[in-house]
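This briefing is for a reader new to the structure. The points below are grouped by topic.

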Amino acid sequence: MYPARYRGGWFLTSDPVRLGVAGLGRAFMLMVPTFDADARVKLTAAAAPRAESRAAFEEQYGGVAYPTVEDLCADPSVEAIYIATPHQMHVDHVLAAARAGKHILVEKPLAISMEDAETMVAAANEAGVHLIVGPSHSFDPPVELAAQLIASGKFGQLRMIQALNYTDFLYRPRRPEELRTEEGGGVLFSQAIHQIDVVRRLAGGMGEKIYAMTGAWDPKRPTEGAFTALMNFEGGCVANLTYSGYAHFDSDIWMNDVGELGQRKLAGAYGDARRALMALDPDDEARLKTTRTFGSGKTVDAKHNEHFGPVIALCDRADLKLTPDGVEVFGDTERGFIEATFGPAPRRTVNDALVAAVRQNKAPVQTGAWGLASLEVCHAILQSASTGQPVDLRQQCKTNEEEQTG
């Protein structure tokens, strides 16, 4: 592991992590409130192809914004790099960061292909840097709280998990490649990965086998937009995962009308996603998406923890229902509620993992190996749906497994 070093000096554990950002698009926009609210992380530099985004970054944060990720990686003042570029670019950018000796926080999914993901994990290990895969909803405080309650054994053995989510994901503004499965488009690599991460976090990580079906129901959006899967785990737990990005029913209604990003849902916004796409051609749609990037878009005003739809974990002596604000416990004779701390921003736990890795050399749950295992499940869902057969999972890891970081 490289020591914390900067221009010939040494960082104190209390010094903010000097973070470079690769990609100033929608993914970064969702992290802005968390970075802005947390003095433990200082945005020092960035890389983006759009001059407008680079200028906006330098104006707001006073750092240097480069035209390429390679230039960003060469910046000696940067300790870690948050890679928020499109999925298909992750492999090149993770390899560049690893070669430069930077710790890495890379958006989910880790990669599109398993081969790229394995290369990335190996490169981080060889370079002696931490590779953290996130944010995903496995970082949500209610998920972590439920995982700890299950692991404590207080409610007996975990027997079953049911996770479902109904959204209009497929009708939000997309670039053309976001509607091509082979380039990481569709719901499997962008949405299923969240649900898989959550379920694996609760069940201990070691999936054994999965049987799944997928749906590609809209010829105008030619990729998988829905799936349902049955997955079993070491220890006997079985999980049912269901997701639809075609939905008209919004399952956030079952999450106390709190949206995925922790924002209060507006009743008058029903149908906005489909309404906005009407009469747009692909070029207009791509332009609409740029209005959600840094320098053009708005951040989300979250008042609750984020979530990824209703999740219920059934144990021997209690059922646990995850909510944006905590975990409802339905015991044998009593009900209760355990609050999950919110704020100062909904993704504080991602910064917790980043700071612990860089300053304390402590690997998070969501290591590169973890991201690789979750990606394996995405591919297994596609394979099972194609063949009609269950698929054995062979690259799973436990939640307490830490990468060897040198």
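In this predicted model, F28, V32 and D36 of helix α1 meet F57, Q60 and Y61 of helix α2. By class, the residues of this contact are four nonpolar, one polar and one charged.

**Helices α1 and α2**

- Helix α1 covers residues 26–36, and helix α2 covers residues 51–61.
- Their axes come within 14 Å and cross at roughly 5°.
- Angles under 35 degrees count as roughly parallel, so α1 is roughly parallel to α2.
- On the α1 side, the residues that take part are F28, V32 and D36.
- Residues three or four places apart on an α-helix point the same way, because there are 3.6 residues a turn.

**Helix α4**

- Helix α4 spans residues 90–99, and eight of its ten residues are buried, so the rest of the structure largely encloses this helix.
- Buried here means under 20% relative accessible area.
- The buried residues are H90, V91, H93, V94, L95, A96, A97 and A98.
- Among the elements that cover them are the helices α3 (69–73) and α5 (114–127).
- The cover also includes the strands β6 (80–83), β7 (103–106) and β8 (131–133).
- Just after α4, G101 takes a positive phi of about 75°.

**Residue V41**

- V41 belongs to strand β4, which covers residues 41–47.
- Is V41 buried or exposed? V41 has a relative accessible area of 6%, so this residue is buried.
- Apart from neighbours within four places in sequence, V41 is in contact with P16, V17, L19 and F35, and also with N351, L354 and V355.
- G331 lies 290 residues from V41 along the chain, and the C-alpha atoms of the two are separated by 40 Å.

**The second largest pocket**

- The second largest pocket has a volume of about 350 Å³.
- Its lining is made up of 16 residues.
- Of these, K220, R221, L277, L280 and E285 lie nearest the centre of the pocket.
- The elements that give two or more residues to the lining are α8 (272–277) and α9 (282–290).
- How do the residues of the lining divide into nonpolar, polar and charged, and how many are in each class? There are seven nonpolar, no polar and nine charged residues.

Conventions: Residues are numbered from 1 along each chain as its sequence is written. This is a predicted model: local features need pLDDT of at least 70, side-chain atom pairs count only at pLDDT 80 or more; totals for chains, interfaces and linings use all residues. Side-chain values use heavy atoms; hydrogens and water are left out. Buried means under 20% relative accessible area, exposed over 50%, partly exposed in between (1.4 Å probe, protein chains only). Helices (H or I, at least four residues) and strands (E, at least two) are DSSP runs, numbered from the N terminus. Contact means heavy atoms within 4.5 Å. Axes are lines fitted to C-alpha atoms, for helices over the stretch in contact, and angles run from 0 to 180 degrees between N-to-C directions. Angles under 35 degrees count as roughly parallel, over 145 as roughly antiparallel, 65 to 115 as roughly perpendicular and the rest as oblique. Ala, Val, Leu, Ile, Met, Phe, Trp, Tyr, Cys and Pro count as nonpolar, Asp, Glu, Lys and Arg as charged, and the others, Gly among them, as polar. On a 1 Å grid over the protein atoms alone, a cavity is a set of points where a 1.4 Å probe fits but cannot get out, and a pocket is an open set with protein on both sides within 12 Å along at least five of seven lines; lining residues have an atom within 4 Å of a point. Grid points are joined across faces, edges and corners, and a volume is the space filled by probe spheres set on the points.
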